[in-house]
Amino acid sequence: MTSTSRVVTVAAVDLGGSSGRVVLGRVGPGELTTTEVHRCWNGPIRLGGRLLWDALGLYRGVLDGLRAAGPVVSVGIDTWGVDYGLLDADGDLLGNPHSHRDDRTLGAVERVSARVPPGELYAISGLQEMRFNTVYQLAAAEGSAALAGARTLLMMPDLISYWLTGVAGAEVTAASTTGLMGARTRAWEPDLMRRLGIDPGLFQEPREPGTPAGELTGHVLAETRLDGPTPVIAVGGHDTASALVGMPVTAARFGYISCGTWSLVGLELDAPVLTDASRVASFSNELGVDGTVRYLHNVMGLWLLSESMRTWRRTDLAELLDQAGRLPALVSVVDPDAPEFLPPGDMPARIAEACRRLDQPVPETPAALVRCILDSLALAYRRTLFAACEHAGRDMDVVHLVGGGARNALLCQLTADACQRPVIAGPTEAAALGNVLIQARTLGSAPTTLPELRTLVATTQTLTHYHPRTPATPWTAATRRL
C-alpha cells in the first residue's frame, strides 16, 4: 500500500437531496476516521408553482460547517447530480436552481428527441433517458429570461466550489449527468450542444477528481475562521462517484447500490456500454473516478419511504420496520420507477392505486405498506443488477450496499434474498469517505490506487454481512407480476 507517513485532516462537504453535512476526515497510514461536525436541512421548496433549491441557505450551511470543522488542510465537495445554477456576466446567481423533481420538464424529452434522435444522443452521452437530466432541464428552460441572461452554468458541486473559491470549473463525474458530455471522451460535446440550441460557452473546462479547484477566498476564510491558504480539491463531485471510492471492495466482480433518496444501482466498468439494447434497458454510463464508468440505473429509492412517513406525520420508522419484518414477503409489489412516484405528495395513496391497477392486495396498514415498499425496492435491485450484468457481459459475486439504506437491516436482507448474493452493508457515509480519500490522496497521505483506497475502507470501517435466506423462486414469480 503506497502512501506517506503524513496524517492529514480534511473537510468533506457532502450535500444530499434531504440534508447537507460537513464531515471532518483524518487519514494516514492504516487510519481513516470521519466525524460529522455539522448538518443542515436541505429539500426542494415550492414557490410560484415551481420546486426550487435554497442554494444560498445550503451555502450558509456549508460555511457554518467549515467553521465548526476547525483547522483543515483542504476541502472537497460532493452533491447530487443533474441540477445546476446559472450565473450572469458578473458571476451572480440568476435565481434559485430548479429541483429535478419539478414538472417543468414534462414534454422536454420529446423536444430534445426531435432535434437529436434518442439513439444518437445515447451513443454520445450514454445516459439513461430521464426527464430530469440536465439536457432536458435546459430544453425546458429554453426561452426563459434566466437562460437568456446566463453566461455560466455550474453543476451543484461546482456552484458551491465557485462560491468558496471564485474559480469556476466542471468536475467530470457531476458533468456526466448532464447528457452533454461524451461517455468515451470525458469532454463536453459542443456540436451536440449547438444542435440542441444550447450555448457551449456556458460550460467550463472539465476537471478530473484530484484536481486543484482553487483556494478559499479571503472572505470565506474570515467567515469560517480558517487559516489560509486552504485549497479546495475536486473530488467525485457526484455523490455516487465519491460513494464508489468509499466502498469496502475486495472482490473483483461486484455490484453496488448507493441507497439514499435515490438508489443508484449497477456495476463499475472500465469502458461504457453504448449498445442500443443498453439504451432501451435504461442504463446510464456516468463517469467515475480514475477513468472508471458507473454503469447504472436510477431506482427511486428511500424517497418512497420518506414521503410515506411525511404523509403519515410519523417518526417511528424503527417500529414500522420491525412490524414489516414480521409480515409475509411479496404480497404486493410495485415498480418504484413509475413516474407517479417522482413528485412529492401522498405516496401511500399512489402505492395503493398502483396495487389496484396490478390486481394485487392493497396494503391496509402502514407496516404493510412499508413492507410493500421494501419488497419492491429489493425486487428492483435484483432486476437492475441482473440486467446490468447481462448488458455488460459479466457477473457479480457480491453486492455492496452503502448510504442511508445500509442502516435498514430488513432492506439489506431482502436484497440478499432477491439477488441470491451476499450483501455487504456499509459504510453509511461512503460518499463522505470517498470525498475524504480523494483529498488525502491528492495531498500524498493516502494510497495511490483505487483498490488500495478501498482496502483502507474495508479494514477501518464497521460492516454488516447478509446472506440469502430464501430461494430465488418467489422473487422470480414476483418479477412476472410487473
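Reply: The residues that line the largest cavity divide into 7 nonpolar, 2 polar and 3 charged. The model is a predicted one, and the values here are computed from it. The lining consists of Ile77, Pro157, Asp158, Ser161, Glu171, Arg207, Ala213, Val232, Ile233, Ala234, Val235 and Gly237. Two elements, α6 (156–165) and β12 (231–233), each give two or more residues to this lining. Of the elements, α6 gives the most, with 3 residues. The volume of this cavity is about 80 Å³. The count of cavities of 30 Å³ or more comes to 3.

Next, the nonpolar cores. The largest nonpolar core has 79 residues, and those with the most contacts inside it are Ile257, Phe341, Ile351, Ile373, Leu374, Leu377 and Tyr381. Helix α15 (residues 366–392) supplies the largest share of this core, 15 residues. Apart from this core lies another, of 31 residues, among them Trp53, Leu63, Leu154 and Leu159.

Leaving aside neighbours within four places in sequence, Ile257 is in contact with Ser263, Leu264, Val265, Tyr381, Leu385, Val399, His400, Leu401, Val402 and Thr415. One of these partners, Tyr381, is also listed with Ile257 among the residues with the most contacts inside the largest core.

Helix α18 (residues 450–460) has Leu450, Glu452, Leu453, Arg454, Leu456 and Val457 buried. An α-helix has 3.6 residues a turn, so residues three or four places apart point the same way. The buried residues of α18 pack against β2 (19–28), β3 (31–41), α10 (239–245), β13 (254–259), β14 (263–269) and α17 (430–442).

The last stop is a residue in a loop. Ser332 lies in the loop between α13 (317–325) and α14 (347–357). Why does Ser332 count as buried? Ser332 counts as buried because its relative accessible area is 6%, and the cut-off for buried is under 20%. The side chain of Ser332 reaches the backbone oxygen of Pro361 at 2.4 Å. Beyond neighbours within four places in sequence, Ser332 is in contact with Cys355, Gln360, Pro361, Cys372, Ser376 and Arg481.

Methods:
Residues are numbered from 1 along each chain as its sequence is written. This is a predicted model: local features need pLDDT of at least 70, side-chain atom pairs count only at pLDDT 80 or more; totals for chains, interfaces and linings use all residues. Side-chain values use heavy atoms; hydrogens and water are left out. On a 1 Å grid over the protein atoms alone, a cavity is a set of points where a 1.4 Å probe fits but cannot get out, and a pocket is an open set with protein on both sides within 12 Å along at least five of seven lines; lining residues have an atom within 4 Å of a point. Grid points are joined across faces, edges and corners, and a volume is the space filled by probe spheres set on the points. Helices (H or I, at least four residues) and strands (E, at least two) are DSSP runs, numbered from the N terminus. Ala, Val, Leu, Ile, Met, Phe, Trp, Tyr, Cys and Pro count as nonpolar, Asp, Glu, Lys and Arg as charged, and the others, Gly among them, as polar. A nonpolar core is a set of buried Ala, Val, Leu, Ile, Met, Phe, Trp, Tyr and Cys residues joined through side-chain atoms within 4.5 Å. Buried means under 20% relative accessible area, exposed over 50%, partly exposed in between (1.4 Å probe, protein chains only). Contact means heavy atoms within 4.5 Å. A polar contact is a pair of N or O atoms within 3.5 Å; within protein, one must be able to donate a hydrogen and the other to accept it, and residues adjacent in sequence count only if both atoms are side-chain atoms.
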